[in-house]
Amino acid sequence: MAIYLDHNATSPMHPEVADAMMPFLQNPTGNPSSLHSYGRMARSAIESARAEVANLLSCSSEAITFTSGGTEANNMLLKGYVDRSSERAIVSSEIEHPSILEPLRQLQEDGRKVIRLKSDHDGQIDLDAARKVFSEIDPQLLSVIYANNETGVIQPIEALAAMVDRDSCLVHSDATQAVGKIPVDMSQLDIDAISFSAHKLRGPQGVGALVVNRKPKHVLISGGYQENRRRGGTENVAGIVGLGKAAQIAGLEMEHKKHHLEQLRDVFESRLATIPGSVVFGQRAQRLPNTTYFALPYYHGETLLMELDRAGFALSSGSACHSAVTEPSHVLSAMGVEDSLALNAIRVSFGMENSLQDVEAFVAKLVELVNKLPAVMRQAAG
Ligand code: PMP
């Protein structure tokens with residue numbers, strides 16, 4: 001079995017999550033909208049899961065709409081909460097996930113004004129540049145990623161929220177990489193909405209949620225009264241139950257997880273620093289505890305990825321969501337990283353099942369690969 005170091009792409013399900021889901025996969029499960037006992041059982045399981053999610057995020061249960069994942073939640077927010085009759089702008093950033101960038105592009109094509117805030121060299125949205133933007137415009141929606149999926153850099157979402165008129169501008173954050181890794185407390189955070197996905201926090205794939213305490217202007221998926229009329233279609237009962245269990249576990253293990261992941265990442269980065277010319281992107285910024293986005297100057301990311309895959313290590317080059325594309329990552333380009341270095345980028349994202357032995361084995365493999373390169377190449381880079 002390969003050593004799995006790609007938890008930002010997806011994290012293996014916690015065994016207790018699979019156990020919790022099993023009865024809803026194996027036994028007859030009613031349609032949660034049915035009034036008979038099977039239906040009521042399914043409904044009650046969904047509402048218990050909603051309460052677990054509300055507990056993890058310190059939000060009200062009514063604010064939670066279950067979706068098929070982070071992509072749908074982001075689409076639901078951007079397509080459902082924008083006032084299409086208004087001229088007021090939508091503000092986001094250059095370092096968003098494609099599930100924000102693509103709907104933004106569509107909104108722009110439809111005639112909406114869209115502004116993308118810039119990143120600084122450390123991978124954090126540039127607050128000075130943002131201040132200038134907000135001194136000139138009065139947006140209707142602000143949507144900024146909570147922690148970037150490639151760099152792991154945590155964004156100054158509250159500082160940005162403080163720059164807009166909170167009575168008339170909805171503030172949303174794509175918190176898909178943050179929920180379950182760091183505390184995301186909606187009762188403390190001064191923002192209106194977040195999106196997230198179960199499979200990033202040891203839950204199943206294909207389920208997530210949009211959390212927002214307002215009614216949409218447009219319903220993205222219509223044709224049923226489910227989810228308080230906000231999202232039609234029979235609910236993914238087993239998936240939602242899995243998400244509820246994953247949320248409960250994430251709350252319980254949060255502190256221990258942070259400590260474990262930080263230890264793995266810090267040991268990894270200290271070893272990596274001994275490889276000449278290695279670069280860690282966004283290292284000076286506040287980051288998720290589990291993510292290191294790095295490059296070795298002599299190895300193309302895809303080539304290194306394949307060498308590592310052959311050697312039994314599973315990672316991503318850039319973001320997994322567009323790994324078929326060999327263009328440099330848009331996040332690194334926004335950070336001002338040159339294409340030649342950006343194309344070498346590799347992302348390590350640790351998870352709870354990883355150990356210090358995994359880190360040592362991984363570093364030993366990297367060193368072995370680098371040592372196989374011609375000396376002249378290594379000297380030029382170092
Ligand atoms: N946003 C971010 C920041 C992500 O990392 C991802 C997953 N790569 C998504 C959204 C999409 O989530 P999902 O896979 O559940 O659609």
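**Exercise 1. Find the polar contacts between side chains and the ligand.**

Start with His97: one of its polar side-chain atoms lies 3.2 Å from a nitrogen atom of the ligand. A polar contact here is a pair of N or O atoms within 3.5 Å. This is a predicted model, where local features need pLDDT of at least 70, side-chain atom pairs count only at pLDDT 80 or more, and totals for chains, interfaces and linings use all residues. Residues are numbered from 1 along each chain as its sequence is written, and side-chain values use heavy atoms, without hydrogens and water.

Next, take His199, whose side chain has an N or O atom 3.0 Å from an oxygen atom of the ligand. Then turn to Lys200, where a side-chain N or O atom is 2.8 Å from a ligand nitrogen atom.

**Exercise 2. Work out how α8 and α12 are arranged.**

First, locate helix α8 at residues 237–272 and helix α12 at residues 356–372; helices are DSSP runs (H or I, at least four residues), numbered from the N terminus. Their axes are 10 Å apart, at an angle of about 20°. The axes are lines fitted to C-alpha atoms over the stretch in contact, and angles run from 0 to 180 degrees between N-to-C directions.

Now classify the pair: α8 and α12 are therefore roughly parallel to each other, a label for angles under 35 degrees.

Finally, look at the contact (heavy atoms within 4.5 Å). Among the residues that meet are Leu264, Val267 and Phe268 in α8, and Val359, Phe362 and Val363 in α12. The contact of α8 with α12 divides into 9 nonpolar, 1 polar and 2 charged residues; Ala, Val, Leu, Ile, Met, Phe, Trp, Tyr, Cys and Pro count as nonpolar, Asp, Glu, Lys and Arg as charged, and the others, Gly among them, as polar.

Technical notes:
Helix = DSSP H or I, 4+ residues; strand = E, 2+ residues; numbered from the N terminus. Parallel < 35°, antiparallel > 145°, perpendicular 65-115°, else oblique. Polar contact = N/O pair within 3.5 Å; in protein donor to acceptor, adjacent residues only side chain to side chain.
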